[in-house]
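Please look over the model below. A short report follows.

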Amino acid sequence: MKSIKLYYSITALIIVIMAVGCERKLDELQLATKYPTNPDVFIDGLNLGPNPYNAWGKVTNFSIDYVEKYSGTASMKFDVPNLGDPLGNAAGGAFFTPVGRDLSGYTALTFWAKASEVDTLTKVGFGSSAANGVTDETYKVTVNNLVLTTTWTKYYIPIPDPSKLTNEKGMFWYWVDPRNGGKGFTYWIDELKFENLGTIAYPSSAVFPGKDMNVETDDYQIPDLSATFNLPTGINQTETFTSAYLTLASTNPGVATVNKPGKFTVVNAGSTLITAKLVGNNLQGAALITSLGAPTLPTTALTPDTTTYPPANVKSIYSDSYTNATIDSYEPFWIWSGGGMTTAYSIKSVVGNNYIRYTNLNDTYNQKGILVAISFETVPVDISAMTTFHMDVFVQATSPHKENKPIIRLEDWSQNYGGTNSIGSYTSSTELATGSWVPLDIPLSSFTGLSGKSHLVHIVLENFPSIICVDNIYFHK
Amino acid sequence: MNFTKIKNKSDKLVSVAIYAFILVSLIGCNDTGNVQQLPQRKYQLVWSDEFDSVAGASPDATKWSFDLGGGGWGNNEYEVYTNSPANASTDGNGNLAIKTSLPKWVTDHWENIYSARINTKGKFEQAYGRFEARIKTPYGSGMWPAFWLLGANKDTIGWPQCGEIDIMELNGSKSSIINGSLHGPGYSHGAAITKSFALANARYNADFHVFAIEWGKDYIDYFVDNVLYQEITPTNVLGKGDWVFNDHPFYILLNIAVGGDYVTSPTQQTPFPQTMLVDYVRVYKEVK
C-alpha cells in the first residue's frame, strides 16, 4: 500500500506543479481535475474535437443522418456491409477526443439506438482511442452481442470504476459483423453521452486477479475481466473490461509491486498476496503469488538441419530456419478452460535465435495441470505430405509442476470445419530431461487417431512440466 | 399544530400525528424550498407485524395465511406460490423475506418459479385508517412485487366489486418507479386509477422505503416515504363505476409475482433469485 500512495503522491505533485505552479503542503495534495468533464459524445453532431474518428472494416460505414433521429436534429448512422463487400466485411470504428476528459463523475455511457431490423451489435463500448495517431485501449470496456430492435431504445454501458477515468480519450467504439446470413443492416445511435446514474446496481464479477500462481520474476498482466450489472431496465448485462480498472495492492512489495495499471511486477523470490478491487463497486479478490525468483533460461540454441530437411520438405509452425505458419495464438486458453488458466508465454532469444517460453503452464479449470495449445485456425496447415513431427523442448529444472510424461495432440479440421473430429495423440513413454534442449522427432504414424491431415489447426501440449521453452516446431518428410 | 415525527421501529409507538407539512424532496417539484400541505390527522396503531422472529420462521400464523398455487392468478403470471419457508420466512434481522426460487432456464423460458403470497384474510380486516409497510423491493425484469389490500367481501360479491387498493406495486423493468392504484367496478385491470412515483436517479431496491395509504370516507391518499403523491376520491371514478371503499373492511396482501400482464416476461437476463424484505406492516385507526 505504501508504494501505491507514494506513486500517486508523486503523480499528484507533478501534475499540480505543472498545472498551477504554486506551493502547497504535501499532505494537501490531491489529484487536481484538469481535464474537461463534458459528458457529450454525440447529441446533434459530434461533440468531440478535430479528427475524432477512426474507421475499421468498411471505412465509409459511419455518417450523420439528419432525417432519422431520436431527438434533436441528427443521429449517427452506421451501415453494416454485407459479407463479401469488397470495401470491407464489417463496420467498425472509434470516436475519441484529442484531449482527455475527466469522466470520474459519471457511471455509464448511455445512448438511444434502433436498427433497420432486429439485429446484433457484435461489440460496442468505450475506452479505445487513436488521438494523434496514438492507440490507447488501457481502459477499454466492451459489451458483446447487444441486440437492437426497430424502435428507439435506451442502452447502457456501465463504467467498472469511474475513478480511473480522469483522463480518458476513448468515448465510443464499435465492431459489427453482419450476422443474419451475412446480410448487412443499418443502425442509428443518438444522444450518446456519459451520465451519472444511480439506477445501475449489483455488479458481480469473477474473483480476480485470478488463481493462485507460481511465477518467476517478471511482469504479469492481469487478463481482461467481466462483470455483470443490473441495468435500470431490470436486466442483467455482462461487459468485459481491462484489468487496468482494478486497484491492486501487494502485501509484500519485496516480492511483487503493483504500480502499473492492471499489472504486477515480481521482483524477487518469495510469496505475496495480490489483492484487487473495483473501487466504488465493492468487488474484490486476491491471489497468492509464489515466486521462484529469477528464471533459468537456455544458454544455447538448436537449429534444424536444413540440408537434410530443406524448406521444400518442411511445413513449419515455429522456427527461425523456415517460413512459418500464421499463428493465431500461442496460448488459446479459452478453448480449453473457460478462462481458468493462468499460463503466460513470452518470445525470448538466445544467441540470436528466438524461442517460445511458457510459464505457469497449468489447466486449473480441468484440475489436471499443464496444458497449452498453439493455434493457427485462420490459416490451417496442410501436412498431408509430411511424415514426422519435430519439436525442441527445454524443461526448466526448477519447474514447480513435475508431471512429465508429455502428451502431444495434433488437431485437424479437414473432415468437420470448426470441429476437432480428427485428433492424433502421442504419449511419451519417457520423461523429458531438464536443463538442456531435448529434440523430439516423432513419426506421424505414432499419433493415434489422426485421420485428417490437410487442415491442421492446433498443436496441444499436455502433461508437460509447468515451465518449458519450445522451438523448431515443424513437420518434415 | 403537532409535528410529532413518525418513529422508527425500535420505538414502539401507540399514536402518532402525521406531519402537517412535509418537505417535497424527490419528485414533482424541482424547488426544494416548497412544502407540501397535508390535512392534520391523528392515528393510533391497532395492528402490526414487526417480523422480529428468528431466521427461517414462517410468517405468524395468527396474522397471516398463504395463497397457494399457480395458474396465472388472473394476470397470466408465471409463479407458483408455496408456503415453504424457502419462499416466505423471517430473516432474523427483523424482516420478513419473500423470496423467489432460483428457477431453471429451459430453451426459451424459466421453469419452476416458486414464490410466496401471504394475506390477513379473516385474521385482520379493517376499513379506513393508515396502512403502511417498510419494504426493500426485489429487482429485475419480470418482477412484480406488491403490498396491497383486497375487499373482505371478495368471495361473496367478487372482484372487482370488492375493491382493490394497491399501495405499492413495482414493475421490475422500471427500477425507480412504483405505482399506487385503485381497482373497482368499471375501473379495473388496465383501466384502474393509478399514479406512479419515481425516485430521482435511484432504485427502489437499493434501500428500504415506507409505502402507505391514508384512507377515510371518500378519499385514499397515497404516500412514499411520507410524501403524498396521489389522492383518489369518488370524483376520479365518476362515470366509470361505483366508489366501493366506504362500506366494508379490507385485508392485506404481500407477494412477489413473476411475469404476467403488468410486467414483461422474465428473460435470461433476469437476475434470479429475488427477495422482497418487509421490515414491518403497521395499521392505524384515525382518532378524532
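Among contacts in chain A between residues at least 6 apart in sequence, 72% join residues at least 24 apart. Two residues are in contact if their C-beta atoms, placed from the backbone, lie within 7 Å. This is a predicted model: local features need pLDDT of at least 70, side-chain atom pairs count only at pLDDT 80 or more, and totals for chains, interfaces and linings use all residues. Residues are numbered from 1 along each chain as its sequence is written, while chains are lettered from A and ligands numbered from 1 in the order in which they are written.

Chain A has 2 helices and 31 strands. These are DSSP runs, numbered from the N terminus: helices are H or I with at least four residues, strands E with at least two. Of the 477 residues of chain A, 40% are buried. Buried means that 20 or more other C-beta atoms, placed from the backbone, lie within 10 Å of the residue's own.

Strand S22 of chain A is largely enclosed by the rest of the structure, because 4 of its 5 residues are buried. S22(A) pairs with S31(A) in the antiparallel sense over 4 bridges. Strands pair if DSSP finds at least two bridges between them. Ser316(A) has Tyr474(A) as its bridge partner in S31(A).

| Strand | Residues |
|---|---|
| S22(A) | residues 314-318 |
| S31(A) | residues 468-476 |

Chain B averages a pLDDT of 88. This is the predictor's confidence in each residue, from 0 to 100. Over residues 1-33 of chain B, pLDDT stays under 50. The model scores ipTM 0.72 and pTM 0.70.

Definitions and conventions:
A residue is buried if 20 or more other C-beta atoms lie within 10 Å of its own, exposed if 12 or fewer, and partly exposed in between; C-beta atoms are placed from the backbone.
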